[in-house]
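Subject: Model handover

Hello,

Here is the structure for your files. My notes follow below it.

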Amino acid sequence: MRKWCLAMLVVVLLVSVSWAQAPVVFKSADNQPDGYPTVEAVKFLGKVVEEATKGKYKIQVYPGAQLGSEKETIEQALLGAIEMVRCSTLTLSGFYEPMGILSLPYLFRNYDHQWQAVLGAPGQELIDSMSKNLNLVALAWFEAGARSFYTIKAPIMKPEDVKGLKIRVPESPVLTNMVKFLGGAPVHLPFGEVYSALQTGVVDGAENNPPSYYAMKHFEVAKHYSLDEHTRIPELVIMSKSVWEKLSPEEKMIFKMAGQAASVYQRILWKQFEERSLKAVQEGGAKIYNPDKGPFQQAIKPFYDQYSKYKELIDKILAVK
Ligand code: GCU
């Protein structure tokens, strides 16, 4: 009998030691290519977590949409099949409509206004209400600059130029309605299919920030980039709430702290990469235009009427100094 007890003790010890050494690996999805600011910032988040938990948790980042499109990976995170996703709030708005407020054209006056709002009460209100309604928690806000139109044939220099154009937009109700409102034909395509759609003329143009225009090589097939900067859409690193709830209070604090550090780091990377991207696309043959934003802002104004049910939160954001 004594031999049995000894053997059991040894097995329990071995298992507990092996468990203590085998890290818990969280998968984190991103549809941007390796080296992109969001991918590098989540790797950094993982390093902070691994260090602070003495190797108990590791984050394995899967860039380039290896785990699926942004929409598919958010669906997986909702099921707990993928632990983390870096996604745009424009895609999240398909799962939680109020997130679409952050996609509204010309909502944010500039970078500083945007970051005051998302790191302040309005941003906190949105992520708290998202967590109440979805199996997701937000770990970090990421920067994604401003989205502008790029076209194959001729630049979009005034709102009327959008009329009759087939413009690829992500599955964002706000961007879809915006292109329709300007007289264009919005075409939904996953991010990874935009290059070939531009190359084959399935669409006449698309719209995105300079780093995406560069990193996905869209500048090769749509050379006219007019910086109308119609919207600034913040991004999030989200975690499946069912995964989050298994963490201890200390581990939750570590992930939150790592998220805050990663958010600062991503904004530093973003500024550098954004400048590099604008330079690189011009070297690659793209033509950059700076249209007068006034007519675009005027043309879009009545568009806000469709979002009057979110007037309270929109006014809170507009009131942020
Ligand atoms: C941006 C964003 C992506 C998104 C893409 C899109 O590049 O970072 O997360 O998928 O826009 O337009 O689909």
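Which helix gives the most to the lining of the second largest pocket? It is α11, with five residues.

Some ground rules. This is a predicted model: local features need pLDDT of at least 70, side-chain atom pairs count only at pLDDT 80 or more, and totals for chains, interfaces and linings use all residues. Residues are numbered from 1 along each chain as its sequence is written, and side-chain values use heavy atoms, leaving out hydrogens and water.

**Second largest pocket**
Of its 15 lining residues, the closest to the centre are Leu119, Gln124, Leu139, Trp141 and Gln260. A pocket is an open set of points on a 1 Å grid over the protein atoms alone, where a 1.4 Å probe fits, with protein on both sides within 12 Å along at least five of seven lines; lining residues have an atom within 4 Å of a point. Besides α11 (249-283), at least two lining residues each come from α5 (111-119), α6 (121-133) and β4.

**Strand β4**
Seven of the seven residues of β4 (residues 136-142) are buried, so the strand is largely enclosed by the rest of the structure. Buried means under 20% relative accessible area (1.4 Å probe, protein chains only). β4 pairs with β10 (residues 235-240) in the antiparallel sense, over six bridges; DSSP must find at least two bridges for a pair. Alanine 140 has valine 237 in β10 as its bridge partner.

Regards

Notes. Buried means under 20% relative accessible area, exposed over 50%, partly exposed in between (1.4 Å probe, protein chains only). Helices (H or I, at least four residues) and strands (E, at least two) are DSSP runs, numbered from the N terminus.
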